[in-house]
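Try each task before you read its solution.

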Amino acid sequence: MKLNSELLETNAGVLLVATMLAISVGGLVEIAPLFLIKNTVEDIPGVRPYTPLESRGRDIYVREGCYTCHSQMIRPFRDEQLRYGHYSLAAESKYDHPFQWGSKRTGPDLARVGGKYSNEWHVQHLIQPTSVVPESVMPNYPWLSATPLDYSDVADRLRALRTVGVPYSASEAEYQANVKQFGPEVAETLRIDKAQENLVAQAQAGNFDGDRAFVSEADALIAYLQVLGTMVDFSKLKPEDLVKYR
Amino acid sequence: MAENVQNQGPQTTGHVWDDTLQEYNNPLPAWWIYGFYATIVFAVVYWLIYPSWPIGKGFLPGVFGNITYTNAEGQNESWHWNTRAKLLRETQEAAVMQKPYFDKLASLPFDKISKDPELSSFVTSAGKPLFADNCAACHQSGGGGKIGSYPNLADDNWIYGGSYEKIQETITKGRHGYMPPFAEALDAGQIKALASYVLSLSGNHADAALAAQGKDLFHSNTAACFYCHGDDAKGRQDIGSANLTDKVWLWANVPGAADDAGKLAEVEKVITGGLSKGVMPTWEGRLNQEQIKLLTVYVHELGGGK
């Protein structure tokens, strides 16, 4: 049998393998080097895994499909920097599985929304966006502040994230490693054995939805929104150092 | 080939399917095939100019396309083309163009800024998008605020002070309003009396006997309202306690209440539950000093600056 187009066109199996080989070249050339090039993820201080409460908030963000209208990726363009703040770094989503960069902005980018509005604004805005932004087309999410957060399985969720590389600690040795890397305060929030306890404590202390009676889904979501983009202290970084990572 | 076509009709690939199904083998149009070659040439040129092929732990940085910018030490520095370097240069170029205005803004005292026509128009045009991006979500476009949540910035009533310095301080450091709840310290009758007194202070209709009782409570150590709102109930801007004698309401929606009973209920609600809201975020990490000064003047100019 000659190796020509007839061979491909008359053998479905050969065609399938050849097609997959041809397509994988594109993937290999575009994606594989990013895992090898050492500058892909910037080596900067400050980025930490989410606390259990923030992590559950992120789950709700994904569940409600927020990413379909909101990106979390400020591109290095002047107009975006003026509106949203410093461009996003790869390092800032290194503990995101999956990342929430999104691909479409019906609403604004949320990569640096943390600290921009008060908790109360977020509660009002989630219940009825037009109450604070009259021209908004965002749907109402009134159930978030009325629904108790299910955090019974939060330890399992952290364990799952741990298996894909997020440094939640399951042992004393891992805890000590976190103390070294993130400091004792953060390391404490990354303990899988204390996940539920830490979640409730953060919700009580933060009182994100303005109601301490129970931990609501809004508590978790707002805790997550309020930390977005706030982990890196850009006043301590030189702009040209970030340039040199690319 | 052309002869073949004339003599024997179109060439086929020679494949025959289902007895009679054949496939023409026409040559690609010349414009298409040359266009294809051109894209290959384009790709090679592109590799040379822009960062491209990965090599080990690095990549081919590209030539010709170097971008020069100023580093933190004030020296010029070049780096191979990338979007971050491009943004840094563009930001610095734009800053050079705006520099005369921002320098003047930084050097002039507040009250001189609004008297300088050129600078004043710069504040208006540059302040508008800044206000829209950062302030309007709460204070609403135009600065009208929202009763029950966010103060009006376009009137002459100020919780923390309407001077340039106070506005600047509010934007820079943020604010956090607080009033303790009185649900446990006072009984329902006392709260009703206090609410009546508060309403009477601003000329609203209230039961005179209840208001008199409320007045005593206001100045007593049981409720100790005077401690924050002052003996004259006009509030203290240094701690952000409200002036209760004017007709401006932020937390209790008195103007929106249908009748006297509704007004009373609104005020009672605030006294009972207290307030732990009125959070103004801090902007010093998000905006730079010049932007904050510009916004200060912009907000002051909205109508009510003192």
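**Exercise 1.** Work out whether E54(A) is buried or exposed, and what its side chain reaches.

*Solution.* Start with accessibility: E54(A) has a relative accessible area of 4%, so it's buried (under 20%; exposed is over 50%, partly exposed in between, 1.4 Å probe, protein chains only). Two ground rules: this is a predicted model, with local features needing pLDDT of at least 70 and side-chain atom pairs pLDDT 80 or more, while totals for chains, interfaces and linings use all residues. Residues are numbered from 1 along each chain as written, chains are lettered from A and ligands numbered from 1 in written order, and side-chain values use heavy atoms, without hydrogens and water.

Next, the side chain: that of E54(A) reaches the backbone nitrogen of T51(A) at 3.0 Å. The side chain of Q202(A) joins that of E54(A) in a polar contact of 3.5 Å (N or O atoms within 3.5 Å, one able to donate a hydrogen and the other to accept it; residues adjacent in sequence count only if both atoms are side-chain atoms).

Last, look beyond four places in sequence: E54(A) is in contact (heavy atoms within 4.5 Å) with residues including R48(A), A223(A), Y224(A) and V227(A).

**Exercise 2.** Describe how chain A meets chain B.

*Solution.* Count residues: 42 come from chain A and 40 from chain B. Then count charge pairs: there are five salt bridges between the chains (Lys or Arg side-chain nitrogen within 4 Å of an Asp or Glu carboxyl oxygen). Between K277(B) and E120(A), there's a salt bridge at 3.6 Å, N to O.
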